[in-house]
Amino acid sequence: MTRSAADACWSTVPELRGTHVALEPLSMAHVPALRRALGEGGLSRLWYANVPAPDAVERYVVAALEAQAQGSALPFVVADSAGEVVGCTRYYALDAGVPRLNIGYTWYQRRVQRTGLNTEAKLLLLRHAFEAMGCIGVGFETSWFNQASRAAIARLGARQDGVLRNHRRHADGTPRDTVVFSIIDSEWPAVRRHLQSLLDSHS
């Protein structure tokens, strides 16, 4: 890929499709489907997670699109193989000068958690980041208390870089210790094989 093509990737949300999942550019039109995906709001009651309550979805999407307009994020809506919206994810902390970014703000309906959908979504996102955007590093961040998220990130093959104490705040205002993980470009070929192997086991 040419440098100009790679540069264009930093301002455009791609459509990424696999067997189990489709990631598409987030828009205001997705608000009703995202509310349905959240159901009664059980996910948003996890105090250490960044999941919107059903009645806050519109504000959540507006904020994501504002971050995109400012050049700091590329947000996606996530759909299953039947085309039903099941959650969100995004690239954020974009730094084309390195180049590096983070993957996060990820939440899914409970029925698709720990399935091939998440594995394939991460494979597609990482492939695009390393192979289309030319990243030399991709980061992941989560709350110290979010044990499920920490385990899921580690299962991808990401390595823990450290813990940032009182790094930011949880949605309820309490201080958050942030656990930081990353995958670098030299590790990507092995991580890609690992994720493909995990995906094959779900098939």
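Is Phe-130 buried or exposed? In this predicted model, Phe-130 counts as buried, since its relative accessibility comes out at 9%.

Searching the whole structure turns up 5 aromatic pairs. One of them puts Tyr-92 against Tyr-105, with ring centres 5.0 Å apart and planes at 90°, so this pair is edge-to-face. Tyr-92 sits in strand E4 (residues 85-95) and Tyr-105 in strand E5, so the contact ties together parts of the chain 13 residues apart in sequence. Tyr-92 is buried at 11% relative accessibility, while Tyr-105, at 29%, counts as partly exposed. Phe-130 has an aromatic partner too, namely Trp-188: this pair is stacked, with 5.3 Å from centre to centre and 20° between the planes. Like Phe-130, which is buried at 9%, Trp-188 is buried, with a relative accessible area of 4%. Elsewhere, Trp-47, Tyr-48 and Phe-145 come together as one aromatic cluster.

Rings also turn up with charged neighbours. Arg-90 lies over the face of Tyr-60, 5.5 Å from the ring centre. Arg-150 does likewise with Trp-144, lying over its face at 4.2 Å from the ring centre.

Then there are the charge pairs. Side chains of opposite charge can pair when their charged atoms come close. The structure holds 9 salt bridges. One of these joins Asp-80 to Arg-111, with the closest N and O atoms 2.7 Å apart. Asp-80 belongs to strand E3 (residues 73-80), whereas Arg-111 is in the loop between strand E5 (100-108) and helix H4 (116-132), so the bridge ties together parts 31 residues apart in sequence.

In another salt bridge, Arg-159 meets Glu-187, and the closest N and O atoms are 3.3 Å apart. This pair also links distant parts of the chain, 28 residues apart: Arg-159 is in strand E7 (residues 159-169), and Glu-187 is in the loop between strand E8 (175-184) and helix H6 (188-202). Arg-159 is exposed, with a relative accessible area of 54%, but Glu-187 counts as buried at 16%. Salt bridges that share partners also build a network, which takes in Glu-15, Arg-17 and Glu-24. Within it, Glu-24 bridges to Arg-17, the closest N and O atoms being 2.5 Å apart. Glu-24 counts as partly exposed, at 24% relative accessibility.

What about the cysteines? A disulfide is a covalent bond between the sulfur atoms of two cysteines. The search of the whole structure finds 0 disulfides. For Cys-9, the closest cysteine sulfur is that of Cys-135, and it is 9.5 Å away, which is too far for a bond because a disulfide calls for sulfur atoms within 2.5 Å. Cys-135 is likewise in no disulfide, its nearest cysteine sulfur being that of Cys-9. Cys-9 is buried, with a relative accessible area of 11%, and Cys-135 also counts as buried, at 3% relative accessibility.

How values were computed:
Residues are numbered from 1 along each chain as its sequence is written. This is a predicted model: local features need pLDDT of at least 70, side-chain atom pairs count only at pLDDT 80 or more; totals for chains, interfaces and linings use all residues. Side-chain values use heavy atoms; hydrogens and water are left out. A salt bridge is a side-chain nitrogen of Lys or Arg within 4 Å of a carboxyl oxygen of Asp or Glu. Buried means under 20% relative accessible area, exposed over 50%, partly exposed in between (1.4 Å probe, protein chains only). Helices (H or I, at least four residues) and strands (E, at least two) are DSSP runs, numbered from the N terminus. Rings of Phe, Tyr and Trp (its six-membered ring) pair if their centres lie within 6.5 Å; planes under 30 degrees apart count as stacked, over 60 as edge-to-face and the rest as tilted. A charge sits over a ring if NZ of Lys or CZ of Arg is within 6 Å of the ring centre and within 35 degrees of the ring normal.
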